[in-house]
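Welcome, and take a moment to look over the model.

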Amino acid sequence: MLRSSQPLMGPNRKRCREDEVLLGTVLDEGERGFIIDTRSAQAAKQARMTGGGTEPKSSYPQWRRLHRPLERGRPLQESFIKLVEACNDTLINMDRWLSRLESCRWLSHVKAALSTACLAAQCMDREEASVLVHGAEGTDTTLLVTALAQVILDPSCRTLAGFQGLLEREWIEAGHPFHLRCARSAYSHARLKQEAPLFLLFLDCVWQLSRQFPFSLEFGERLLLTLFDNAYASAYGTFLCNNVKERRVGREVGTALCLCKVKESTHSLWAWLNQPGEKKKYLNPLYSHNALVIWPSVEPQSIQLWQGLFFRWIRSSQYLDEAWAEIQRLVEGN
């Protein structure tokens, strides 16, 4: 599996021989690969006017391009805001609540993300083909798809340590702009700029996998909630800044350079989570190693609202927490 940003063809349909050779070396003679573009065909075509574009068939004859559009900007943030508003409105009746849930389209975004990740996984597992994933910059929906596909395909990514490594590799080191995307929560009334809950959408999709395959992930819901909290507000430096360069050096603020030096100035979230006393809280007591690929259902009845997150401020989780603790006690007793 490969990931990248869009090719910079522009309106003049420029070619990059180095890119063509690079992708050509991935495939042997007679093999084929798939390019999954997370934009619509129309959006990719329009991107040429601003210097972007997508791979022409004539220059990449062994690659087949598939468009699977995923929202990544303002529409996704607005969907998140509408969902949170609906969840916090405790006075509406059930029919009105279901109507608002459908109109916010959050579950549609979850389904689309899982479906596209399954497509990438199927190309690799069933077609035994190489896959290149990209959208525009390659730091948003691209990472959503590649990270989810690895959780589906690779059992090591479903362990606590492997999942942390996946986040470090596919989100943090790959340059997802956490500072911009998680600048404000759904409760902010500030004008939307570059905020978008892509990382939350990923966590929600992983929660869907954990619900459909309750024995296959070594970690539980508590880890996903902790990651969500730390992406938006954290005492640790793991999700600070927008890319590796900013974390190591700093970023420009006006005409000045704001020194970050995250590793020297902050503590790692992973170091805290992996302490023996803390680590135990995040483990799934029902976990059993599953070497198989886990294919999630994306039927409407299979995609559920993540109540543990979206209702956490208005509904007590006391009984669920007590049941979880009892399961842990019984498992440890055996």
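Two residues are said to be in contact, or to meet or touch, when they have heavy atoms within 4.5 Å. The helices named below (H or I, at least four residues) and strands (E, at least two) are DSSP runs, numbered from the N terminus. Please keep in mind that this is a predicted model, in which local features need pLDDT of at least 70 and side-chain atom pairs count only at pLDDT 80 or more, while totals for chains, interfaces and linings use all residues. Residues are numbered from 1 along each chain as its sequence is written, and side-chain values use heavy atoms, with hydrogens and water left out.

Let us begin with helix 7, which runs over residues 160–172. Its 13 residues reach 17 Å from the first C-alpha to the last, close to the 18 Å expected at 1.5 Å a residue; the expected span is 1.5 Å times one less than the number of residues. Which residues of helix 7 are buried? They are Leu 160, Phe 163, Gln 164, Leu 166, Leu 167, Glu 170, Trp 171 and Ile 172. These residues cover an arc of only 155° around the axis, which puts them on the same side of helix 7. Here, buried means under 20% relative accessible area, exposed means over 50%, and partly exposed lies in between (1.4 Å probe, protein chains only). The arc is that of the directions from the helix axis to the C-beta atoms. An α-helix has 3.6 residues a turn, so residues three or four places apart point the same way.

Now for the neighbours of helix 7. Two packed helices are described by the angle between their axes and the distance between the axes. The axes are lines fitted to C-alpha atoms, for helices over the stretch in contact, and the angles run from 0 to 180 degrees between N-to-C directions. Helix 6 (residues 141–153) packs with helix 7 at an angle of about 155°, their axes being 10 Å apart. That makes helix 6 roughly antiparallel to helix 7, because angles under 35 degrees count as roughly parallel, over 145 as roughly antiparallel, 65 to 115 as roughly perpendicular and the rest as oblique. On the helix 6 side, Leu 143, Leu 144, Thr 146, Ala 147, Gln 150 and Val 151 meet Phe 163, Leu 166, Arg 169, Glu 170 and Trp 171 of helix 7.

Helix 9 (residues 198–212) packs with helix 7 at about 150°, with 13 Å between the axes. This angle makes helix 7 roughly antiparallel to helix 9. Their contact is made by Phe 163, Leu 166, Leu 167 and Trp 171 of helix 7 together with Leu 198, Phe 199, Phe 202 and Val 206 of helix 9.

How do helix 7 and helix 10 (residues 221–232) pack, and at what angle? The angle is about 25°, and the axes are 12 Å apart. That makes helix 7 roughly parallel to helix 10. Leu 160, Phe 163 and Leu 167 in helix 7 meet Leu 223, Leu 224 and Leu 227 in helix 10.

Leu 160 deserves a visit of its own. This residue of helix 7 counts as buried because its relative accessibility is 3%. Not counting residues up to four places away in sequence, Leu 160 touches Glu 218, Phe 219, Leu 223, Asn 274, Lys 279 and Leu 283. The C-alpha atoms of Leu 160 and Phe 219 are 5.7 Å apart, although 59 residues separate them along the chain.

Next, turn to helix 3 (residues 74–88), whose 15 residues should span 21 Å at 1.5 Å a residue, which agrees with the 21 Å between its end C-alpha atoms. Its buried residues include Leu 76, Phe 80, Ile 81 and Val 84. The buried residues of helix 3 pack against helix 4 (94–104), helix 5 (106–125), helix 9, helix 10 and helix 15 (307–310).

Finally, the loops. Thr 38, between strand 2 (33–37) and helix 2 (41–47), is buried, with a relative accessible area of 2%. Beyond its neighbours within four places in sequence, Thr 38 is in contact with residues including Arg 68, His 134 and Val 145. Lys 193, in the loop between helix 8 (178–181) and helix 9, counts as exposed at 65% relative accessibility. Cys 241 sits in the loop between helix 10 and helix 11 (244–248) and is buried at 8% relative accessibility. Its phi is near 70°, a positive value in a residue other than glycine.
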